Amino acid sequence: MSSQRVKLTKSFIDQLELVPAIYRDSELIGFAVRVNINYKSYIVEKKVLGKTVRSTIGLHGNITLVQAREMAREKLLLMSQGINPNEEKRKRIIEEDVRTNIEKQKPTVKAAFDNYLALKSLKPRTVQDYIVVCDKYLVDWHNFKLDEVSRKMIQEKHAELSQSSKAQANMAMRVFSAIYNFSVEHYLSEDDQPLLVPYNPTKTLSAKKVWNKIKRRKTYINEDQLPDWIRAIFDYQDRGQALETNRDFILTLILTGFRRDECESLPWSSIDLKYGTITSIDPKNGEPHTLPMGDFLLELMKKRRRNVQGEFVFPSAKSQSGHIVNISKVRAKINDLCAVKFTFHDLRRTFGSIAEGLDYGHYTIKRLLNHKKDSDDNDVTSGYVQVSDKRLREAMNEIEDI
């Protein structure tokens, strides 16, 4: 391959035949045009740390001579400082390969949701809520990489969902936040660093103070309404009521203050008919909650045990779980019977309100409702107060009397 030093101009380079040769520029030392059988390319040549280095700038036609000359000056300056542009290029290629590999390993929103549900131990109701969030509210984000969801997208989605339901909008963003935080710690590189941007984009809702303020429900059945409501419970008739399952379930709710889902799945192993206790697993704190039963509830459970031989206290042949699940249609019919509108959680508030009206102390009511004790910073005494079973049984019977 021949080599010549000439003044490089566009017209000179254009007329060069595709015969292998190098034409070195007479004006910018180190800059040259290299001709091969298929193309012409701009190059620079210079000794770097005592070794001659040749580096390609670009193809003639893809870049202009003016651009090539300017790029050559930049490369020659680096080379004069002992920097090999070829090594720098290899480093950039490696870095880009690493970046590309990391991007491939990052989960999509859908994949992160599926992974979270697979690895976390969640209650069935929680799983259902998460599935609704992913497959309904955030379905248009499924194929986005998790950290491609920007703060602006979070703000816009929260505002959009808030138009239909402020509570659901808050829930969707809190679920996404939980998924994101979990994924930051779960998806790690080979050097144990997070693959995802550590900043959770839902923080923007707090920064802008746009979380929806949801008023806490305070409804309950007051004592004036209780006679009509009780009468409607006992008068309720429907198909499949031979075991009085729905009636007994609703009565158990108001006589224990249990949450709906913890009462629905009560197994007989949680009922002690000898000592008269009932135990549930609180769906919020996951802790067992044992209460002595009042006399009426104990007799109700004895009656059910004589008639129900399966695993669950409130069985259902129709549900996949084997126990009743959210009998909202029954509740609606009872609502119509007595014109007292109530939710299942209203029965828990009614239980607590009756206990409060009987002048039971703060710690007794907390124990009846299985509310967590205050932290030591707020209430040191709570760690020392133990409410006796006798006291609780008295309370349960008085609540039954009301």
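The model is a predicted one, in which local features need pLDDT of at least 70 and side-chain atom pairs count only at pLDDT 80 or more, while totals for chains, interfaces and linings use all residues. Residues are numbered from 1 along each chain as its sequence is written, and side-chain values use heavy atoms, with hydrogens and water left out.

Let's start with the overall picture. The protein has 16 helices and 8 strands, taken as DSSP runs numbered from the N terminus (H or I of at least four residues for helices, E of at least two for strands). Of its 402 residues, 42% count as buried; buried means under 20% relative accessible area, exposed over 50%, and partly exposed in between, with a 1.4 Å probe and protein chains only. Among contacts (heavy atoms within 4.5 Å) with a separation of 6 or more, 56% link residues 24 or more positions apart.

Now turn to a helix pair. Helix 6 (residues 151-162) and helix 7 (residues 166-186) pack at an angle of about 150°, and their axes are 7 Å apart. Here the axes are lines fitted to C-alpha atoms, for helices over the stretch in contact, and angles run from 0 to 180 degrees between N-to-C directions. Helix 6 and helix 7 are therefore roughly antiparallel, since angles under 35 degrees count as roughly parallel, over 145 as roughly antiparallel, 65 to 115 as roughly perpendicular and the rest as oblique. On the helix 6 side, the contact is made by Ile-154, Lys-157, His-158, Leu-161 and Ser-162, which meet Lys-166, Ala-169, Asn-170, Ala-172, Met-173 and Phe-176 of helix 7.

Leu-49 has a phi near 55°, a positive value in a residue other than glycine. Leu-49 sits in the loop between strand 4 (40-48) and strand 5 (51-59) and is exposed, at 77% relative accessible area. Lys-209 also has a positive phi, near 55°. Its loop runs between helix 8 (203-207) and helix 9 (226-235), and Lys-209 counts as exposed at 76% relative accessibility.

Finally, consider helix 15 (residues 362-369), where Thr-364, Ile-365, Lys-366, Leu-368 and Leu-369 are buried. These buried residues pack against helix 10 (245-256), strand 8 (288-292), helix 14 (344-357) and helix 16 (389-401). Just after helix 15 comes Asn-370, with a positive phi of about 60°.
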